[in-house]
Amino acid sequence: MIQQIEKLLTLVGQKYMEDQRPAPYQFRVTNYTGFTRGKDFRYDLNMIEALPDLQNNQYVYAWSKLWIEEVQELPFSLSCYGPAQVFLNGERVHYANIEEEVFPERRSWFRLSLAKGWNHFVLRFMKTETGCGAKFGTGSIKGFPLHFIMPSLERAGGEGWIFTEALKAELPFIPSTERSEYQDGIRWYPDAVWRADENELSAIERIFTNGEQGNYAIGWAMISSETDSAVHLAGRYKGELQIFIDGQLKFQALSVGDGERDFEFTVDIAKGRAHSLMIQLQHTAVGWGFKFNDEYLKLNCPVHVEGTSENWLYSGPYLTVNEAVRDQMTELSNLHTTKNGLDYWYIDAPFSRIRPFVETTHYGKWNYPLGVTLYGLLSAGKILSIESFESYVQNHIELCTKYYEYAKWDCKQYGAPGINQQIVLMDSLDDCGSFGATMLFTMENNPLIGSLSVAERIAGFITDEQQRLPDGTLYRLKGSTDFMQQTMWCDDLYMSVPFLVRYYRYTKDIRYLDDAVHQILQYRHYLYREELQIMHHVYDMKFNKQNTVSWGRGNGWVIFSLAELLAELSPQHEKYGELLTMFRQLSQGFQQLQGKRGMWHQIVDDHDSYEETSCTAMFIYAFARGVQNGWYDNPIQYVESAYYGWKALAQYAVDEEGNILGVCRGSGYSYNYEYYKYDLLPRLNDTHGIGIVMLAGIEIIKLRNCRGPEMIQKVQLTAKNAGQYLEMSFQSALVDGQLNLEFTGAAPKINALTIAKQQPRQAGELPTVYLAGDSTVQAYDSYWQPQAGWGQMLPIFFNSDIIFKNQSIGGRSSKSFIVEGRLDDILRVIQPGDYFLIQFGHNDATISVPERYASPEDYKEYLKTYINGTRQRGAEPILVTPMGRRDFNSTTGKFNVSFPAYVEKMKELASELDVLLVDLSTMSIAYYDTIGPEGSKSVFLHLEPGIYGAFPNGSADDTHFQEYGAIQIARLLASGIQELDSPLSAFVKEIELPK
């Protein structure tokens, strides 16, 4: 099972990305004079403010709807200004009692079962002396910040509520389906259409009523054409007009005389794509406005907006506009600096802007479980060289960070933001630390728009705003319920320490690292269970005692965070020894509580509680890091425990489709252990577990690699009863003449050991060509079509009198191929008369991945092991210089040599040891130069979106090949082999070189 880690991690990552596909924010129309939401995300339906002339005993109805993907029960909350009733899909489901309706500061909580599809909510209010209306909405605040959708046919898709005029009698019906708001003769607010006098004005005049002479306004739409022919644009305008297409000025004119004038011009635009059409108007003495004759013109809104059929967006008024202002407007995450301050895009409807809302379950959201999920996915992408994993994480995080400034403004305008709720309304460590740490990790290699501001905000919150005890310990003063207040949770170490560590790494400000140290030690003071060397879950300051339950994931967060800190902390730090002792104590406590099958349990010291995946993964992660970093005096027991745990995870916690099983859902806390044991049950693919399983697997890979080629695991851990023994045999290929054996386990005993030399090998009936290399060489199954490696295509250029065995695998270097035992596998079977083609270099140069990286000098030394081992067995090694990537001079179009230092070291070695060499580097570069940068896209993995299942978002990969390219590189290599002074050249077919 250990040998399948890479496949398992790839499967889990792909499953997550398929289930949570990238999606932009959903834009909807919002009336900015409508009801706002509070910081608790409930709508403030204050009818006294909306209808100042409302009289006692009159009625008002508010109506909106929610979309639900599947039948489910959700929590809601109501605080009343007066009598209130709640109707769901035509049925009354809640009403305020006589006490609730006179105390608006009180909340009533209730749960409602919602149907699949649209659910219509109607609130019936009566005006009394205490008031009229209510605050209504989600009962889980930031956990599920519901936004409601306009319900009538006329406004379908817009965000918010509509409400009736004051009524003297109750409605004879309760709306429960989408219908026109005009069909019953009742007036609904806010107004959906302009008044008659407003309709006489241009769109810009009625939107920007405070515009003055000399001000500017912008209109923006997209234009497209089905042909390459010229497009005729015509219409009417008043004011000073400038028209830009794709940022280029195409027409300008000044309206004089009676004001409104015609314009027309012709412009060439390329077919097949949308082009930006931006109108800039200056207010003159005659006013301002424009209208296109669009009968034959295909216009679309620059972004899909629910709640309107308008094609134009509007911005203004401005004191001045230049090219930079216009350019920044086309990025929808940017706010606009108008003469009135910051603003955003309007549509042609009364008091209406567009707003982004996050409506996915995962993608584009910011919360702490997603922080660790994306951490695992990004780390897997780095170690497995899966660029799609890395780009997915980067794009998800950047979608959040680049809209950060907008979201703060959105919150000020509408009471609560439609996106980035937890960053903007940050009031707990859950809101910031986990996701923020992953953001900083991503920033180490890729700048993210807006990320620095977010990082500064998080650092300021943790340092200056999050509540602390007098001794500086972080704790929760506030809580969603009284019971949760004044508590300290193990979980909060992960919500703070990794961020502080990474922010120290970014700023070099020692205060953040020292704070992380302080938090770990203080949490140990309050929560450590000396007798078991594990942690309580929560300390409650209201009762001044621990909750006495050692919850699995809570304990996992502690040792996970401690490992992150120790990896950064200098051994010279004054608290390093104390922290190392704590790590060893916790490790010993957890290792002793590992279950019989290798898993750990929901309650760590209660093996009758269920086996829990996320804590198991965290203990594996910590043990593996401890061994790699030398934090244990006796590492063997932790090596075995980590391997045993991973074997259990792979067997019991991940199914064949990549689903993660057995992860406890998000928790509260209790003094009652039955809450943890029976109420906090596992949930399929819970995001508290996906990322940490991937991180555990990555550390197992690193653990396997760091123990060196002489530490290749040959026999799995096998338990035997007293008096029994196990007889096993295995083979090992020696190159340097030394054999080192290490026996591990709880009580390893060796009765006898026999070491025998293999019989001399004989040539096979047909010679075999073995291939060792990376992802550019390996063979791919049909799922990855059209990706292919050159080693997959090489046999088609040879006759049938020779056999090929391609052992190449992605993400490997000359070093890691040895460390993982893959060279050993080949050397144990290669025979006299066989051939061994060796290409490495792409991953050897990856200095950011220590388990792969080999300096050019080390690379040369590792290659000697391949050569000597091959020759010792009577076979012939052939070195292949690493083929070039799609890397060219943008001015000349000529291609650059990839990994030149490694190419030169391989050539040096070939000369020194008299080894055959094919210079695929030079041959591939020469070939690319003949087809040019554009032609080379057909060689490399450049794919359009939506064509191939493995690449739903397309690909722009300048390293790997599609099938055509793999064939061409294999053709070049075969031609190079044909020129060698080797018997292998006789097996090459006649070859026509690529054109």
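**Notebook: a helix pair and some aromatic rings**

I looked up where helices H16 and H17 touch: Phe 583, Ser 587, Phe 590 and Gln 591 in H16 meet Phe 619, Ala 622, Phe 623 and Gly 626 in H17. Contact here means heavy atoms within 4.5 Å. I sorted these residues into five nonpolar, three polar and no charged.

This is a predicted model, where local features need pLDDT of at least 70, side-chain atom pairs count only at pLDDT 80 or more, and totals for chains, interfaces and linings use all residues. Residues are numbered from 1 along each chain as its sequence is written, and side-chain values use heavy atoms, with hydrogens and water left out.

Next I checked the geometry. H16 (residues 576-592) and H17 (residues 613-628) pack at about 130°, with axes 11 Å apart. The two helices are therefore oblique to each other (under 35 degrees is roughly parallel, over 145 roughly antiparallel, 65 to 115 roughly perpendicular, the rest oblique).

Then I turned to the rings. I found 70 aromatic pairs in the structure (ring centres within 6.5 Å; planes under 30 degrees apart are stacked, over 60 edge-to-face, the rest tilted). Trp 63 and Trp 188 form a tilted pair, 5.4 Å centre to centre with 55° between the planes. Trp 63 sits in strand E3 and Trp 188 in strand E11, 125 residues apart. Both Trp 63 and Trp 188 are buried (under 20% relative accessible area; exposed is over 50%, partly exposed in between, with a 1.4 Å probe and protein chains only).

Phe 136 and Phe 148 are also a tilted pair, at 6.0 Å and 50°. Both Phe 136 and Phe 148 are buried.

Key:
Axes fitted to C-alpha atoms, helices over the stretch in contact; angles between N-to-C directions. Helix = DSSP H or I, 4+ residues; strand = E, 2+ residues; numbered from the N terminus. Nonpolar A, V, L, I, M, F, W, Y, C, P; charged D, E, K, R; others polar.
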